[in-house]
Amino acid sequence: MKALLDDSNLILKIEESLISTTVRRLREQYLEILGQSQRPASVTLDISKADLIDSQGLNFIIGIFNETQKSGISFRLAGTSPANRKLFEMVNLQEHVPVFG
Amino acid sequence: MGLEAFFAPSMSSARQIVRDHQGENLVCAFISEDIEGKSGLECVAWLFQQDPNLSCIIVADKPDNTLLIKALRLGISDAVSPSVGGEELRRVLERAIYLTNYRRGSFIMSKRVRDASKTYRRLISERRHPSLSGFLPGYDKRLETQLFPALDAGGDMGNSFALDDHRLIMIGGDVSGHDLGCGFVSAFIMGIGRGMFNKGASTNEIRQSVNDFLVREWNPITPPGEIIVSMASCPVVLDFEKMHISCSCSGFPPPILCDDKLQITFLGSNNPPLGWFDKPLAPPIVTPLPETGCITMFSDGLTDLVKCGTPCTLAAADAFLGMSDEEAICSSLLEMQRDDIFVQRFAWSKGNDNGKKLLRPIYHCDCHGGDIDDIDQCQKRWHDAISTSLPGIARDRLNEILLCCREALLNALEHGCKCQCGQKCDITIACVGRNILRVRVHAPNASKTSCAEKEPGHIPFGQRIIKGYSDSYDYDLDNNILLLDFTLYSPAKENSPTNIHNLENRPNLP
């Protein structure tokens, strides 16, 4: 995962599939990044390079979303491919998480 | 560039150079517009007669169009001015050398393919397949066979024939050794077996006769010090009148029966080959014949390949059956071949539905509880099996299917195997007709915990993914079997050719 702090927007770029075998490590990286940087005003999760997202990948996204909401940080999901958008619609993710193109 | 240049001031000296260096690596020729004794174009034509793969470059100062067109039609690869030099000359030479080497490589390859195709056409003759048109008119059926010998002489054999009493016989066998003796025994037994079946002998009688021949007649005359001949054999009798399958597998990999629910049955176990003992030890296996099913039979040359990295025997069998002769020659699969490979598959389905229900199993594997950490490796094997068997499948659809398999198997490993290495579940994948991919995941010990009983707030994303992407979802709660169908070609987008990612380019389909 690559992190980029732009103004007060923390951009997190996922560079691999969001699947059961990667989410634990990605979550640890996320917590480490958050611990190192100043409290951002917003977090953008860029998933343009996540070819495959499984149920645990979805839980990873929701987990980050819930945590940012509790901390008053705005959250957005960016770089959704048509295939991933289809997945999000199928599982009604957009009802809970703001999904952008 | 490590090149040696030869200069020919006249046509006769050009001939002399080519004669002197015939068989050596002449990689390109620069031919001037006019050469003493002939025109440059005549020289080009002569050079191509000597070596059609040689790159010829015409050298002309301000060449006219007519000359260039004629030269191009002869097959020159480039044209340069006499003052060419430096970087441009280097580029021209590099390209010419690349083209020559490429053409020579292709030439050798095509010759190999041509020669080998002749061999395979002889080996895989149509005579091997019985005419199935009059056999079982009320069924769709498809019979496929491939034999790839590793050496000139070998003992692998296969045959299939329909009998008048609604029986189909499939035989696979492998006589030990790779010499003319084993070839003779193989052919002899094949003929005897066929003849005895036609005369009404039972599988047991035939097996006993073959065993007697080896034990009492052939092996006693084996010269001292020579290894006795044994024969792995596997006759399968499909009786469509009594609706049962009988198989006597002796030392041969057990054939795999798959029914329309993708239930897999291995028609045999580890038994010694014929020729070792007075009495053959393998008891025949008799099992009901499903109305829709498929039997895949293969020799141990194929199972050896699976140890070399192909996803599973069914995947390798399907890959071989789908290969044309030319593809087989160039296939990286055969680079790993160490033994003869014989594959035979018969699929049948009651009714005349234009082959819509005919099965083509492409993957079956047991997964243990501990595999939950290796789920990515499992997924890679499904990916390889599906993309090899369905080379035209769209990437997104493949990912959707893989995702469903992943979710289903993770669920089976977690709830069925409790992530314990000693527990196992299995996954089977098959093509059904030309347009459906069917997946079965079986978790024998899964607990019947409904979603409602899980922790509050649990969102069953896995289930939503599986239901969302599959076109048919059937969960047998009593046996913990999940059966999913995936349509490969969407009827809603019928007019769009880009959406056809089905099995069209497979040559072995009904």
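Biologist: How many salt bridges does the structure hold over all chains?

Modeller: This is a predicted model, so side-chain atom pairs count only at pLDDT 80 or more. A pair qualifies when a Lys or Arg side-chain nitrogen lies within 4 Å of an Asp or Glu carboxyl oxygen. Over all chains, the number of salt bridges is 27.

Biologist: Which residue meets B:D51 in a salt bridge, and where does that partner sit?

Modeller: B:D51 lies in the loop between α2 (40–50) and β4 (55–59) of chain B. Its partner is 53 residues apart from it, so the pair links distant parts of the chain. The N to O distance is 2.6 Å. The partner, in helix α4 (residues 86–123) of chain B, is B:R104.

Biologist: How many salt bridges are there between chain A and chain B?

Modeller: One of them joins A:K86 to B:E400. There the closest N and O atoms are 2.9 Å apart. That is within the 4 Å limit, so the pair counts. Between the two chains the count is three.

Biologist: How many residue pairs are in polar contact between chain A and chain B, and which elements of chain A give two or more residues to that side?

Modeller: Eight residue pairs make polar contacts, both residues being at pLDDT 80 or more.

Biologist: What area is buried between chain A and chain B, and which residues of chain A lose the most?

Modeller: The buried area is about 1500 Å². Carbon and sulfur atoms give 60% of it. In chain A, three residues together make up 32% of what that side buries. They are A:L52, A:M90 and A:V91.

Biologist: Which residues are closest to the centre of the largest cavity?

Modeller: The structure holds two cavities of 30 Å³ or more. The largest has about 130 Å³ of space. Its lining divides into 11 nonpolar, three polar and one charged residue. Closest to its centre are B:I171, B:I189, B:I206, B:V210 and B:P235.

Biologist: What is the volume of the second largest cavity?

Modeller: Its lining includes B:N211, B:W276, B:F277 and B:K279. By class, the lining has seven nonpolar, three polar and one charged residue. The volume of this second largest cavity is about 40 Å³.

Key:
Residues are numbered from 1 along each chain as its sequence is written. Chains are lettered from A and ligands numbered from 1 in the order in which they are written. This is a predicted model: local features need pLDDT of at least 70, side-chain atom pairs count only at pLDDT 80 or more; totals for chains, interfaces and linings use all residues. Side-chain values use heavy atoms; hydrogens and water are left out. Buried area is the accessible area (1.4 Å probe) that two parts lose on being put together, summed over both. A polar contact is a pair of N or O atoms within 3.5 Å; within protein, one must be able to donate a hydrogen and the other to accept it, and residues adjacent in sequence count only if both atoms are side-chain atoms. On a 1 Å grid over the protein atoms alone, a cavity is a set of points where a 1.4 Å probe fits but cannot get out, and a pocket is an open set with protein on both sides within 12 Å along at least five of seven lines; lining residues have an atom within 4 Å of a point. Grid points are joined across faces, edges and corners, and a volume is the space filled by probe spheres set on the points. Ala, Val, Leu, Ile, Met, Phe, Trp, Tyr, Cys and Pro count as nonpolar, Asp, Glu, Lys and Arg as charged, and the others, Gly among them, as polar. Helices (H or I, at least four residues) and strands (E, at least two) are DSSP runs, numbered from the N terminus.
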